[in-house]
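Have a look at the model first.

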Amino acid sequence: MIVGFSEIEDISGNRLTLADTCDLKEGDRIVSVSETEIKSIEDLKNKINESKGNSIKATVIDINRSSKGSFTYANSY
C-alpha cells in the first residue's frame, strides 16, 4: 500500500513523484511489476533496480475506487 511519496530528480533536473507522473494516490496498492507479484517495498525496489532505467509496467489496485489499473513508468533518472 502506498503511504507516501518521495521526490526523485529526472534527467532534466525536475523534481517529481510517482503521484505526479503516474496518477498514484496514497492508499493505492502496487500488486505486480512486469507480471511479478509485489509483496513488499523490497520487491518493488528490486524490480525498479532490475529495470536498469527501462520502463516498467505496474498493476495497481485503487482501494478508494475499488478498481484495478496499470501504468508504465519511464525510469529516467
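## Surface, fold and core

The chain has an accessible surface of about 5,300 Å², 46% of it from carbon and sulfur atoms (Shrake-Rupley method, 1.4 Å probe). Keep in mind that this is a predicted model, where local features need pLDDT of at least 70, side-chain atom pairs count only at pLDDT 80 or more, and totals for chains, interfaces and linings use all residues. Residues are numbered from 1 along each chain as its sequence is written, and side-chain values use heavy atoms, leaving out hydrogens and water.

Along the sequence you'll read β-β-α-β-β-α-β-β, with helices (H or I, at least four residues) and strands (E, at least two) taken as DSSP runs numbered from the N terminus. Of the 77 residues, 32% are buried, meaning under 20% relative accessible area, with exposed over 50% and partly exposed in between (1.4 Å probe, protein chains only).

These elements each supply at least two residues of the largest nonpolar core, which has eleven residues in all:

| Element | Residues |
|---|---|
| β3 | 29–33 |
| α2 | 41–50 |
| β5 | 56–62 |

Such a core is a set of buried Ala, Val, Leu, Ile, Met, Phe, Trp, Tyr and Cys residues joined through side-chain atoms within 4.5 Å. β5 gives the most, with three residues.

Now for α2: Leu-44, Lys-47 and Ile-48 are buried here. Down the helix axis they fall within an arc of 100° (using directions from the axis to the C-beta atoms), so they line one face of α2. On the other side, Asn-49 and Glu-50 are exposed.
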